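Please look at the sequence and the model shown here, and keep both in view while you read the paragraphs that follow.

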Amino acid sequence: MFLEILIATALGIGAGIFTGLTPGIHVNLVSATLLSLSGWLLGFVDVVTLAVFIIAMAVVHTFLNAIPSIYLGAPDTAQVLTVLPGHRMLLRGRGYEAVKLTVIGSFWSLLVILAVAPLLLLVMGTLQNILQPFIGWLLVAVVLWMIYREEKRLVEGFLFLLSGVLGLIVLNIGIPQPLFPLLSGLFGLSTLIISLNEKAVIPPQRIQQRTFIQKRQVIASVGVASLVGGFVGFFPGLGSAQAAVIGTQLLNAENKNFLVLVGGIDTANMVMSLVTFYALDKARSGAIVAVRELLEVITFQHFVLFLVVALISGGLAVWLTLFFAKKFAQWMKLVRYEWLCVGVIALILVLVPVISGWAGVLVVIVSTLVGMIAPLANVSRSEAMGCLLLPVIIWFLV
């Protein structure tokens with residue numbers, strides 16, 4: 001059994017590398033596919049082994065998914081807000097450093113959540129009962145504060161409502177994987193098209209071992225990431241993207257500590273969903289939904305095993321992410337940036353009908369046009385997160 005667990009962890013790490021580096025291929029898609037094949041797979045392996053594979057994959061994914069977001073401008077749900085600051089650092093020859101900052105956030109937030117897991121088991125049920133009625137109003141307050149602190153409030157409010165209505169429509173028309181065309185257009189294609197129009201040039205990428213960020217900034221970013229990532233990890237309807245919006249309002253984030261923040265939120269949210277699964281028997285992510293379907297009952301031994309697998313996978317993911325980030329930095333020298341942009345745009349446009357059907361093509365076109373409003377009007381792109389925030393607010397309040 002021990003050898004089987006080790007092999008499952010290794011295979012899960014490999015799958016996490018694939019999902020993390022491949023735009024459009026999410027952990028949830030692989031988990032759902034694995035679940036559909038579980039009847040056949042359980043003839044060869046135990047259910048716990050399949051669960052270990054999924055957890056290792058999900059944790060590694062939260063580290064490596066920063067690479068396509070920063071180098072290619074092709075984010076998944078959890079990394080949408082890294083595109084702009086990561087892109088700015090990439091254009092200054094510091095793409096590797098940008099990825100490294102997300103790794104710092106991911107690893108330290110992983111350790112924080114693991115360290116406080118025993119306490120969370122004791123208080124989680126009580127916290128959920130106390131805070132649940134106020135989540136919708138908290139999100140309303142966050143949105144109002146986001147808009148109020150900006151200079152062009154009318155434009156910001158319009159962009160939030162427009163993207164929110166778009167999100168409500170897309171999430172309710174029944175297309176497969178609706179977030180892929182929605183977020184690819186709002187944050188990916190819109191950024192790449194603007195870069196093409198500005199004829200941006202990527203300079204040679206510097207591979208430096210030292211990251212120039214103050215320790216207090218790291219501590220603050222990891223603390224906020226662990227807090228909000230953990231917070232949304234045990235409430236339905238909330239995820240890493242919403243946590244990133246909340247976190248940016250709590251932290252005076254610049255490029256560097258913002259990347260630490262977003263990297264940490266993604267991993268903290270994933271590990272927190274494990275704690276929620278054991279403490280409340282609730283699944284808050286697609287990967288954990290698959291694990292819950294496999295395991296009829298989660299025991300304390302299962303819980304400890306899953307946390308150990310998360311720690312091992314996260315530790316190895318640090319080295320793997322930095323390794324692939326260096327490779328990507330070297331590959332960037334071999335291609336002209338406009339060719340890269342066109343290639344990524346083409347890849348997304350090919351993947352959209354495959355993953356989300358032809359209705360997804362219309363979604364990605366409309367969402368790209370909406371996503372271009374922020375840079376053209378010179379306002380914050382975070383208001384486009386209304387595509388996820390407004391549906392969640394309505395879900396909590398109605």
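The first term to learn is pLDDT, which is the predictor's confidence in each residue, on a scale from 0 to 100. The model is predicted, and for that reason local features need a pLDDT of at least 70 and side-chain atom pairs count only at pLDDT 80 or more, while totals for chains, interfaces and linings use all residues. Residues are numbered from 1 along each chain as its sequence is written, and side-chain values use heavy atoms, with hydrogens and water left out. The chain has a mean pLDDT of 82, and 91% of its residues reach 70 or more. Among the elements of the chain, the lowest mean pLDDT, 72, belongs to helix α6 (residues 83–90), whereas the highest, 92, belongs to helix α15 (residues 300–331). Helices here are DSSP runs of H or I with at least four residues, strands are runs of E with at least two, and both are numbered from the N terminus.

Phe 2, Leu 3, Leu 6, Ile 7 and Leu 11 make a nonpolar surface patch of about 560 Å². A patch is made of residues with over 30% relative accessible area and no salt bridge, where like charges are joined within 9 Å and nonpolar side chains (Val, Leu, Ile, Met, Phe, Trp, Tyr) within 5 Å. The accessible areas come from the Shrake-Rupley method with a 1.4 Å probe, and for residues only the protein chains shown count as cover. To describe a single residue, we call it buried under 20% relative accessible area, exposed over 50%, and partly exposed in between (1.4 Å probe, protein chains only).

Is Thr 19 buried or exposed? Thr 19 also has its place in helix α1, and because its relative accessibility is 1%, Thr 19 counts as buried. A polar atom of the Thr 19 side chain lies 3.2 Å from the backbone oxygen of Gly 16. The side chains of Thr 19 and His 61 are joined by a polar contact of 2.9 Å. Such a contact is a pair of N or O atoms within 3.5 Å; within protein, one must be able to donate a hydrogen and the other to accept it, and residues adjacent in sequence count only if both atoms are side-chain atoms. Thr 19 and Val 60 stand 41 residues apart in sequence, and their C-alpha atoms are 9.0 Å apart in space.

Next come the rings, of which the structure holds nine aromatic pairs. Rings of Phe, Tyr and Trp (its six-membered ring) pair if their centres lie within 6.5 Å, and planes under 30 degrees apart count as stacked, over 60 as edge-to-face and the rest as tilted. One of these pairs is formed by Tyr 278 and Phe 303, which are stacked at 4.6 Å centre to centre with 10 degrees between the planes. This pair links distant parts of the chain, with Tyr 278 in helix α13 (residues 255–280) and Phe 303 in helix α15, 25 residues apart. Tyr 278 is partly exposed, with a relative accessible area of 25%, whereas Phe 303 is buried, with 3%. Phe 323 and Phe 324 form an edge-to-face pair, at 5.2 Å centre to centre and 80 degrees between the planes. Of these two residues, Phe 323 counts as partly exposed at 33% relative accessibility, and Phe 324 counts as buried at 18%. Ring pairs also link Tyr 71, Phe 328 and Trp 331 into a cluster.

How many salt bridges does a search of the whole structure find? The search finds one, in which the side chains of Arg 94 and Glu 97 meet at 2.9 Å, N to O. A salt bridge is a side-chain nitrogen of Lys or Arg within 4 Å of a carboxyl oxygen of Asp or Glu. Arg 94 counts as buried at 17% relative accessibility, and Glu 97 counts as buried at 2%.

The last stop is helix α12 (residues 240–250), where Gln 249 has its place. Gln 249 is buried, with a relative accessible area of 18%, and its C-alpha atom is separated by 7.9 Å from that of Trp 145, 104 residues apart along the chain.
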